[in-house]
Amino acid sequence: MNDKIRKIIARSATVVVALGILAYIFWPESQEVVEEVAPTTVVEQTTTTVAIDESPCLVLFVKDSDKFLMEETNCVSTYVERVGSGFYSNLNLLCRSSGDGQRINREKLSQERTKALEFHLMKLGVDFGAIKSQAVADDSPYAGVDPNTEEGKVLNRSCEITGTK
């Protein structure tokens, strides 16, 4: 694996781990807010919900393979926990392949990556009925990167996990 790809992967993994730690630390379910009033009046309590960072979880794959680059990531565990607790009703998977090779092979590879991630999520306890998946090959490249660069190809060998409430 060339040095540039290794650095991109290490940087991506570091960001994912950092986001997972921050989400764990700053993920309050709710907070009670009590207004201060004079002793002769009734205190009214309201509950506010703090917004949770709902950025997609990006699962990267080895080139031309349905094997995970990193099988255990904090964001996968977070999404599994959220669907298990009922926070999400289901998980949505959007799986891609980079623009290398023939189109029919890219479509097949996206489908294989979808199946691999579905199976992995079921092993972690997610009910199959709670998984909605879509293999898009390279028809929907990862936003914000040029799919023709090496970084873009690495990011497009991926599946995004999002949740539906």
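Modeller: Begin with a definition: a residue is buried under 20% relative accessible area, exposed over 50%, and partly exposed in between. Phe128 has a relative accessible area of 48%, so Phe128 is partly exposed. Keep in mind that this is a predicted model.

Biologist: What about nonpolar side chains away from the surface?

Modeller: In soluble globular proteins, nonpolar side chains tend to be buried together. Here the largest nonpolar core has 20 residues, and those touching the most other members are Val59, Val76, Leu91, Leu117, Leu121, Val126 and Ile161. Two or more residues come from each of β3, α2, β4 (90-96), α3 (103-123) and β6 (158-164). The most come from α2, which gives five.

Biologist: Which residues does Leu121 contact, leaving aside its neighbours within four places in sequence?

Modeller: Leu121 is in contact with Val76, Val80, Leu91, Leu93, Val126 and Ile131.

Biologist: How should I read a helix such as α2?

Modeller: An α-helix has 3.6 residues a turn, so residues three or four places apart point the same way. Helix α2 covers residues 74-84, and its buried residues are Cys75, Val76, Thr78, Tyr79, Val80, Arg82 and Val83. Just after α2 comes Gly86, with a positive phi of about 90°.

Biologist: Which residue has a positive phi although it is not a glycine?

Modeller: That is Asp64, with a phi of about 55°. Asp64 is found in the loop between β3 (57-60) and α2. Its relative accessibility is 57%, so Asp64 counts as exposed.

Biologist: How do I describe two aromatic rings?

Modeller: A pair of aromatic rings is described by the distance of the centres and the angle of the planes. A search of the whole structure finds three aromatic pairs. In one of them, the ring centres of Tyr79 and Tyr88 are 5.6 Å apart and the planes are at 10°, so this pair is stacked. The rings of Phe87 and Tyr88 have centres 5.0 Å apart and planes at 65°, so that pair is edge-to-face.

Biologist: Are Phe87 and Tyr88 buried or partly exposed?

Modeller: Tyr88 is at 1% relative accessibility and therefore counts as buried. Phe87 is at 23%, so Phe87 counts as partly exposed. Tyr79, Phe87 and Tyr88 form one aromatic cluster.

Methods:
Residues are numbered from 1 along each chain as its sequence is written. This is a predicted model: local features need pLDDT of at least 70, side-chain atom pairs count only at pLDDT 80 or more; totals for chains, interfaces and linings use all residues. Side-chain values use heavy atoms; hydrogens and water are left out. Buried means under 20% relative accessible area, exposed over 50%, partly exposed in between (1.4 Å probe, protein chains only). Helices (H or I, at least four residues) and strands (E, at least two) are DSSP runs, numbered from the N terminus. A nonpolar core is a set of buried Ala, Val, Leu, Ile, Met, Phe, Trp, Tyr and Cys residues joined through side-chain atoms within 4.5 Å. Contact means heavy atoms within 4.5 Å. Rings of Phe, Tyr and Trp (its six-membered ring) pair if their centres lie within 6.5 Å; planes under 30 degrees apart count as stacked, over 60 as edge-to-face and the rest as tilted.
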